[in-house]
Each structure stands twice: as C-alpha cells, then as structure tokens.
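Please read it alongside the sequence and the coordinates shown here.

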Amino acid sequence: MSDAGLPSGWEVRHSNSKNLPYFFNASSKESRWEPPEGTDVDKLKAYMAQNTRKPEGKIHAAHLLVKHRDSRRPGSWKEPTITRTKEEAIEILKGHERRIKSGEISLGGLAQTESDCSSARKNGDLGIFGKGEMQKEFEEVAFALEPGQVSGVVDTASGVHLIQRWVRMIMEDICLTRSMSIVVKSLLMFRLGSNEFLAAGLYVFPGLLAMKNLVTDEVNL
C-alpha cells in the first residue's frame, strides 16, 4: 500500500483542467475520480492534507448581487431591464442579509433565486480568484473576510453585493455505481488560511461514478 493509502499500482495525480486530484493506475492505465477499492481512507485524508496544491494568494468566494438602474449593466437573467434605484437595491440586499445572518437560509441558497448575477445557478459561486481579478471594492472586502464569514453591503459598479468567503470546495451531483438511482453530494473539505488552500479533509464514497457541474461559466457582472 502506498503512502497515500492506495492499493499497489495506484497513485494520486492532479487534473489541470479540473484543478482536482484523481487516481491513476500506471499498470492498467485506468484513471478515476473515486478512490479504488481497498483504499485506506484515513491515510488518504492525511496524504491529501500534506500534498494538495495550494494556490498562493487566492480565495474561494460566492456572492449575491442586486443590480439597480445605475449599474453598469442594468439587466439580468431575472429582469431584462432593471429600474429600481440604488437605495431600493440596498434595502432589498439588507433584507437578504438579515435572513442569511439569522440562519434562516444560506447565501448560496438565496443567491439561486435572488441574485442578479449569472452565478446564481451555481449558488453564487465565483470560484477561486486572486487579487486584481475582481473589482477593487469587491476584492478588498472579499480578502478581508474570515473563512465562512458573510459581508455587509458592498457597493461596486455592478450593483450591491453580499459576499461570502467559502471554507470549502464542493463537488456536486455524483452518482453511486452501486446504486445508480441514488445521487449524493460528495464534499472535498478544505480550510482557507494565510491566503492559501490547505486540505482539511477528504470525504469519499466507494464507487463514485461521475462528476458534473465542474465547468466554470463566465460570470455576468
């Protein structure tokens, strides 16, 4: 058994296109997203914590955007033409903020129906980004947040936002080979600290078949 807790012949490799680890058997040339049968999950968790790639100076965040008539693009997937004032947009966003901070609903859950950004269909997920990639006002707040923390109202040329710095990367909609009728959500848990990713744990299910929703779409800000 390898240091990664994998059966003989298997190794952990990294997919540059998905920016995720996968498992490869050098003898059979088989590659798979799920760990092979016989994997020592505890050893794999420890190995991933030590060897996961760390994007320096980058964070993972999501947001909920409410546009107004003075936004640089005053339209969205929800409304082709947005006529509300900036003040009205701020009041709407503050209402969302109260619901999120009370624990009634998550930012991601609310973003699905209430965000004016196309990232709504991904729970507001903006992916991993570094400094200089977002609007200055947005970036300053996002990088100042603690992992898991939700901001107050953030004003940019796009509109007004709530931002949440994420503690984890999520891989969703994965089917079990042993029961094709069951769809589960498998989480690769990471901890964000010192502006880098550190793998805090790897939650795995034996027999995972397919991974979806890993395509990064252009965000409509």
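Strand β7 (residues 159–165) is largely enclosed by the rest of the structure, because seven of its seven residues are buried; buried denotes under 20% relative accessible area, exposed over 50%, and partly exposed the range in between, with a 1.4 Å probe and protein chains only. The model is predicted: local features need pLDDT of at least 70, side-chain atom pairs count only at pLDDT 80 or more, and totals for chains, interfaces and linings use all residues. Residues are numbered from 1 along each chain as its sequence is written, and side-chain values use heavy atoms, with hydrogens and water left out.

**Strand pairing around β7**

- Helices (H or I, at least four residues) and strands (E, at least two) are DSSP runs, numbered from the N terminus, and two strands pair if DSSP finds at least two bridges between them.
- Strand β7 pairs with β4 in the antiparallel sense over six bridges; within this pairing, A62 has Q164 of β7 as its bridge partner.
- Two residues separate β6 from β7, and the two strands form a hairpin.

**Aromatic contacts**

- The structure contains three aromatic pairs; rings of Phe, Tyr and Trp (its six-membered ring) pair if their centres lie within 6.5 Å, with planes under 30 degrees apart counted as stacked, over 60 as edge-to-face and the rest as tilted.
- The pair of Y22 and W33 is edge-to-face, because the ring centres are 6.3 Å apart and the planes stand at 70°.
- Y22 belongs to strand β2 (residues 20–25) and W33 to the loop between β3 (31–32) and α1 (41–51), so this pair ties together parts eleven residues apart in sequence.
- W33 is partly exposed, at 30% relative accessibility.
- F129 and F143 also make an edge-to-face pair, at 6.2 Å centre to centre with 75° between the planes.
- Since F129 lies in strand β5 (residues 125–130) and F143 in helix α4 (residues 136–144), their pair ties together parts that are 14 residues apart in sequence.
- Both partners are buried: F129 has a relative accessible area of 2%, and F143 has a relative accessibility of 13%.
- Ring pairs link F129 and F143 with F138 in a cluster.
- K131 lies over the face of F143, 5.3 Å from the ring centre; a charge sits over a ring if NZ of Lys or CZ of Arg is within 6 Å of the ring centre and within 35 degrees of the ring normal.

**Salt bridges**

- The count comes to eleven salt bridges, each defined by a side-chain nitrogen of Lys or Arg within 4 Å of a carboxyl oxygen of Asp or Glu.
- D155 forms a salt bridge with K86, with the closest N and O atoms 2.4 Å apart.
- D155 is located in strand β6 (residues 154–156) and K86 in helix α2, so the pair ties together parts 69 residues apart in sequence.
- D155 is partly exposed at 35% relative accessibility, and K86 is partly exposed at 27%.
- Salt bridges that share partners join E30, R32 and E34 into one network.
- A salt bridge connects the side chains of K78 and E114 at 3.7 Å, N to O.
- This pair links distant parts of the chain, 36 residues apart: K78 in the loop between β4 (58–66) and α2 (86–101), and E114 in helix α3 (residues 107–114).
- R13 and E11 meet through their side chains in a salt bridge of 2.9 Å, N to O.
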